Amino acid sequence: MSSPSLDDYRALADSLTPLAVQQYLAANDWQLEAQDPDVRQIWRLHDEARVMLPLATDFVDFAQRFRDTLRTLATVYDWDPGRLAERITATRADLFFVRFDQTTIDGTLPFKQAEKTLDGLFKMMKAAATSADDPTHSHRGRRSSTVTDFLDEDIRLGHTKRGSFVFTVVTRLGDPLPDHDDGTRATPFPRRVMETLATGLHAAKDLSLNWNPSAVERAAERGLSASLVESLEDLTESDSLRELDLSFDWAASEPRPAVPSSRIVVNRDAIVGLPRVRERLVRREEPPRTETVVGQVRSLTREVSGGDDQEETTIVLSADVRGRTRKIHVALTGQDYEWAIFAHRSKLPFTVTGDLTFERGAWRLTGPITVDPSFLLHQQR
């Protein structure tokens, strides 16, 4: 393996701050030996090494001196720049690693899968943040400013680790919080999110392998939601995936959270069970309710059922429901189905009312179905 280049350390220096390095040194047995406030500090590791940490970012030679400090630390620990960045960042940040163990021909990841992964990771972090902020939240509609601020400011995509497609999510904890009035330690919200994420992922895996209906009743207590399971399904939909390896490195400056373990491996057996877990959670979070949906008819099917040669006619409607685009299956008959054909051929919106439910792995309109053809009738004239 080739030695790190100057560009490697330049990129490393650009991604870190003197404060982050200072916090790392203080948390890892280095002692502050001397300092010139706001200019530089001298740190010593027992009798093994000494480094100068520049603080004055407006000095002409700051960038070069900072790179020298990072190169020295990498030499002391025998780490490459990526590993050094990971350890320094972890001092005031929790790290979440997502590793794909899958079959590939040339060692590359399909671009669409990478895009799907990033979307899935954001959905996963949003679900965990929503549950951490309010375990009773329906995961629909608006979130609090605490959640939106966290999503906007406190999560980052970190350096990629060596391995089989490892994505790194960095959750910045911010400055330490003052203790509560009773003397107990205050936990930063980003740490609460990551702890919720860890417990929720454990719960999702456990339920996918060993179904327990009573556990669904306590899902919110464990940070488990349909949105979290849906994000796991997004990450594991590739047929070439053998397993998804999820792991956490907890910030050294905060107490280690009480989670079952810092690693969750989702294998093919667990992946197969995820749809059932999500369906049961959706039923609990979103009980059937009458909805009027307007959307585009994406497909129409006719099937002969039973031995009486009766036809079942179904459409799939793509519509926005509660802020999300859903593919909704609707069984229609007679003139209602003819209106759906007309809307499909004419590429016009189709309006239908029924009880929106999630069952057998899909969204469906059930119960009394009412089609409103007024707009389509007007277009026929």
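Modeller: Let's start with a rule: two strands pair if DSSP finds at least two bridges between them. Keep in mind that this is a predicted model.

Biologist: Okay, so how do you know that β4 and β6 pair?

Modeller: Strand β4 (residues 93-102) and strand β6 (residues 166-172) have seven bridges, and the rule asks for at least two. That makes them a pair, in the antiparallel sense. For one spot to look at, find F96, which sits opposite V169 in β6.

Biologist: What makes β5 and β8 edge strands?

Modeller: The sheet is open, and its five strands run in the order β5-β6-β4-β7-β8 with antiparallel pairing. β5 (155-157) and β8 (263-267) each have a single partner strand, so one side of each lacks a neighbour in the sheet. On average, neighbouring strands here are turned by 15° against each other, ignoring direction.

Biologist: Now the helices. Why are α6 and α7 called roughly perpendicular?

Modeller: Helix α6 (residues 145-154) packs against helix α7 (residues 189-209) at about 90°, with the axes 11 Å apart. Angles of 65 to 115 degrees count as roughly perpendicular, and therefore α6 and α7 get that name.

Biologist: Which residues meet there?

Modeller: From α6 you get T146, V147, F150 and D154, and from α7 you get F189, P190 and V193. By class, that contact has five nonpolar residues, one polar and one charged.

Biologist: Which strands does helix α5 lie across?

Modeller: Helix α5 (residues 111-133) lies across β4, β5 and β6, at about 30° to β6.

How values were computed. Residues numbered from 1 in each chain as written. Predicted model: local features only at pLDDT ≥ 70, side-chain atom pairs only at ≥ 80, totals over all residues. Heavy atoms only, no water. Axes fitted to C-alpha atoms, helices over the stretch in contact; angles between N-to-C directions. Helix = DSSP H or I, 4+ residues; strand = E, 2+ residues; numbered from the N terminus. Parallel < 35°, antiparallel > 145°, perpendicular 65-115°, else oblique. Contact = heavy atoms within 4.5 Å. Nonpolar A, V, L, I, M, F, W, Y, C, P; charged D, E, K, R; others polar.
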